[in-house]
Amino acid sequence: MSFILSAVLTLVIIALIAAVILYACSKKFAVQEDPRIGQVAEILPQANCGGCGFPGCSGMADALVKGADAGSLEGLNCPVGGSELMTKVADLLGMAVANSAPKVAVVKCNGCYANRPRICTYDGLKTCSAVNATGSGETACGYGCLGCGDCVTACAFDAIHINTETGLPEVDEEKCTSCGACAKACPRHIIEIRLKGKVIKDKARRVYVSCVNKDKGALANKVCKVSCIACGKCQKVCKFDAITIEGNVAYIDPEKCKACGMCVRECPKNAIHATWELPAPKPKTETAQKQEAATDKVSSKDNGVNINKEA
């Protein structure tokens, strides 16, 4: 009996000593967390989408507090909460925050079933990543949308869906938070987070090239009716130096673009998309028509493709 009591007593003493040591260590090596981090985290949406560039809302909260201590919140933005949420965070931290222009995900591919014919049938794992790994998919275009919906799966806000009639993803601007999850999920990088644009008559106006095909004009034209052929006509007509051509495809800088729509009308391939209906163009003079015809001949020779304006 005395043996059992001594064993129990020994265990109790060891437990008490261990408890004292653990308590002392917890106090000595305790990590003090700034209480403002928890307060900021409560304001954040807890979507943990990663659109801010940090691993979840807790990482963003920590970065915001550190930014406030450093004297600036520049470059820190929650795309889900937007400017309203950032204003609340700035008020809590006693900082001023610049209102960031709203953004939205844009699908830069117009290769629907009618414009980009299918040449084969894919029978395998129905994900864009898997199809992309096998080649160009069901079309001859190795750059366009694969239509399997990896972007749809990645979106936590139900803001993007595949249109069954076109086979292309469509973004719901009202639901999109510009978190960038869909852009990261796309293996062909056809989704870009762009400025939403100036709202006129309840419609955000923006202009972008609906193509990312980097093949030369003749080949790009062969695989898709509305592919960019890098003819340069849009670049020449732009008065704001917003269009550049690199890698055989045009790109419109959303920071410089004034959404005048001139490039949309000028594009012979209908590869440039405007989010609003453009007014009918004024009739061209005979001199202007001759100049355009001469330009078309030069561009056609350089790109090896007929660039007559398509309907």
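The model is predicted, local features need pLDDT of at least 70, side-chain atom pairs count only at pLDDT 80 or more, and totals for chains, interfaces and linings use all residues. Residues are numbered from 1 along each chain as its sequence is written, and side-chain values use heavy atoms, with hydrogens and water left out.

**Exercise 1. The chain**

Task: State how many helices and strands the chain has, and what share of its residues count as buried.

Solution. 
Step 1. Helices (H or I, at least four residues) and strands (E, at least two) are DSSP runs, numbered from the N terminus. The chain has 11 helices and 10 strands.
Step 2. Buried means under 20% relative accessible area, exposed means over 50%, and partly exposed lies in between (1.4 Å probe, protein chains only). Of the 311 residues, 38% count as buried.
Step 3. A contact means heavy atoms within 4.5 Å. Among contacts between residues at least 6 apart in sequence, 58% join residues at least 24 apart.

**Exercise 2. Helix α4 by itself**

Task: Compare the span of α4 with the expected one, and find which of its residues are buried.

Solution. 
Step 1. The expected span of a helix is 1.5 Å times one less than its number of residues. Helix α4, residues 82-93, has 12 residues and reaches 17 Å from its first C-alpha to its last, close to the expected 16 Å.
Step 2. The buried residues of α4 are G82, L85, M86, V89, A90 and L93. They cover an arc of only 140° around the axis, which puts them on the same side of α4. The arc is that of the directions from the helix axis to the C-beta atoms.
Step 3. The face of α4 turned away from its buried side carries the exposed residues E84 and D91.
Step 4. The cover over the buried residues of α4 includes α2 (35-43) and α3 (57-70).
Step 5. After α4 comes G94, with a positive phi near 70°.

**Exercise 3. How α3 meets α4**

Task: Describe α3, then its crossing with α4.

Solution. 
Step 1. Helix α3 has 14 residues and reaches 20 Å from first C-alpha to last, close to the 20 Å expected.
Step 2. Its buried residues are C57, G59, M60, A61, A63, L64, V65, G67 and A68. The buried residues of α3 pack against α2 and α4.
Step 3. Two packed helices are described by the angle between their axes and the distance between the axes. Axes are lines fitted to C-alpha atoms, for helices over the stretch in contact, and angles run from 0 to 180 degrees between N-to-C directions.
Step 4. The axes of α3 and α4 come within 10 Å and cross at roughly 50°. That makes α3 oblique to α4. Angles under 35 degrees count as roughly parallel, over 145 as roughly antiparallel, 65 to 115 as roughly perpendicular and the rest as oblique.
Step 5. The contact is made by M60, L64, V65 and A68 of α3 and by M86, V89 and L93 of α4.
Step 6. G71 follows α3 and has a positive phi near 100°.

**Exercise 4. How α2 meets α3**

Task: Find which residues of α2 are buried, and how the axes of α2 and α3 cross.

Solution. 
Step 1. In α2, the buried residues are I37, V40 and A41. Seen down the axis of α2, these fall within an arc of 105°, so they line one face of the helix.
Step 2. The exposed residues P35 and E42 sit on the face of α2 turned away from its buried side.
Step 3. The axes of α2 and α3 come within 8 Å and cross at roughly 125°. The two helices are therefore oblique to each other.
Step 4. The contact is made by R36, I37, V40 and A41 of α2 and by A61, D62, L64, V65 and D69 of α3.
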